[in-house]
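Hello,

Here is the structure we spoke about handing over. Please open it alongside these notes.

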Amino acid sequence: MSNQYPIWAESRLLAAINFARTAEHIYQHPALQDDPSSGDGRGYVLGEKVAQRIIDYRAALARRRYENARQLLEVRGLGADKLNDLLFSFSTSADEYFRKLLFDGLLFDNWDVRAHSIQYDSKETFLGIANSGENFLRVAADLYVKTLSNWSEEAQMQLKIRMRYAYHENYFDGHIGAFQLALWWYTFDYDNWFSYEKMKLACEQYLGHHNFGREGMQLRVLRLQELNPLAEFQRDQMIPVIVNYPEQKITVWEVQLND
């Protein structure tokens, strides 16, 4: 098995396979894609028969679940190339996956969308940021001002100071968090150029990319103090920040709608 993929790719693969109820849930999983750099290049990953063998072999395991990806090599018809394809399929980062969802029939070309993120190599450093209110707000402020390149340095500095005292709400459940994140997107488009329901679904898929509860992905909504409560959902007053525990990454999105 190749070690070129991050640890979380194996975790996502195992979660998908262990929670699959039927073979169809495996071989028709939306994440599956052939790794163009390896294999026979036939364009598919798994067939129905191999997917069923994965289900059958899982049922014969002591804990009725795969503990690591190497166990899949014991399934007849699933060799190293197919395992590589599976790991490749589940190695797409959450931010990259979300951007693809957005431009797959939801947003048009007149939208500029960019993720500003910081990824930490050290788990200890990441947790020291993510689990500390003061440190988290500082990093979130540094990321957010990158989305305001047309602001003066003085205005950016003032906003940074305000953000470090912002109140923030944590959403550990991707289904609930998707309502808030989709609402933020909707503030860019009062003309309803996209469906709120479709945007909410995309946000839910994004926040569920690593569906491991509190060790998965969190939406944190920053709300700045001393603002007009009647306009609390304006973009500069409601700032969504994504805390991605498996990838050890913190992300703020920059969005611009060009009419």
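**Salt bridges**

Asp95 and Lys249 form a salt bridge, with their closest N and O atoms 3.8 Å apart. This pair ties together distant parts of the chain. Asp95 lies in helix α5 (residues 94–102) and Lys249 in strand β5 (residues 249–257), 154 residues apart. Both Asp95 and Lys249 are buried. Please keep in mind that this is a predicted model.

Asp95 and Lys249 also belong to a network of salt bridges, in which Glu247 is linked with them. In total, the structure holds seven salt bridges.

Another one joins the side chains of Glu169 and Arg223, at 2.9 Å from N to O. Here too, distant parts of the chain are linked: Glu169 sits in strand β2 (residues 167–171), Arg223 in strand β3 (residues 217–223), and 54 residues separate them. Glu169 and Arg223 are both buried.

Now look at Arg63 and Glu67. They form a salt bridge as well, and the closest N and O atoms are 3.4 Å apart. Are these two side chains buried or exposed? Arg63 is exposed, because its relative accessible area of 61% lies over the 50% cut-off. Glu67 counts as partly exposed, at 39% relative accessibility.

**Helices α1 and α4**

Next, the helix pair. How do α1 and α4 cross? The axes of helix α1 (residues 7–18) and helix α4 (residues 80–89) come within 8 Å, and the crossing angle is roughly 100°. The angle falls in the 65 to 115 degree range, so α1 is roughly perpendicular to α4.

Which residues make the contact? On the α1 side they are Ala9, Glu10, Arg12 and Leu13. On the α4 side they are Leu83, Leu86, Leu87 and Ser89. By class, this contact of α1 with α4 has five nonpolar residues, one polar and two charged.

**Ser91**

Last, a residue in the loop between α4 and α5: Ser91. Ser91 is buried, because its relative accessible area of 19% is under the 20% cut-off. The Ser91 side chain reaches the backbone oxygen of Phe88 at 2.7 Å. Leaving aside residues up to four places away in sequence, Ser91 touches Tyr5, Pro6, Trp8, Ala9 and Arg12. Ala9 and Arg12 are also among the α1 residues in the contact with α4.

Over to you.

Best wishes

Methods
Residues are numbered from 1 along each chain as its sequence is written. This is a predicted model: local features need pLDDT of at least 70, side-chain atom pairs count only at pLDDT 80 or more; totals for chains, interfaces and linings use all residues. Side-chain values use heavy atoms; hydrogens and water are left out. A salt bridge is a side-chain nitrogen of Lys or Arg within 4 Å of a carboxyl oxygen of Asp or Glu. Buried means under 20% relative accessible area, exposed over 50%, partly exposed in between (1.4 Å probe, protein chains only). Helices (H or I, at least four residues) and strands (E, at least two) are DSSP runs, numbered from the N terminus. Axes are lines fitted to C-alpha atoms, for helices over the stretch in contact, and angles run from 0 to 180 degrees between N-to-C directions. Angles under 35 degrees count as roughly parallel, over 145 as roughly antiparallel, 65 to 115 as roughly perpendicular and the rest as oblique. Contact means heavy atoms within 4.5 Å. Ala, Val, Leu, Ile, Met, Phe, Trp, Tyr, Cys and Pro count as nonpolar, Asp, Glu, Lys and Arg as charged, and the others, Gly among them, as polar. A polar contact is a pair of N or O atoms within 3.5 Å; within protein, one must be able to donate a hydrogen and the other to accept it, and residues adjacent in sequence count only if both atoms are side-chain atoms.
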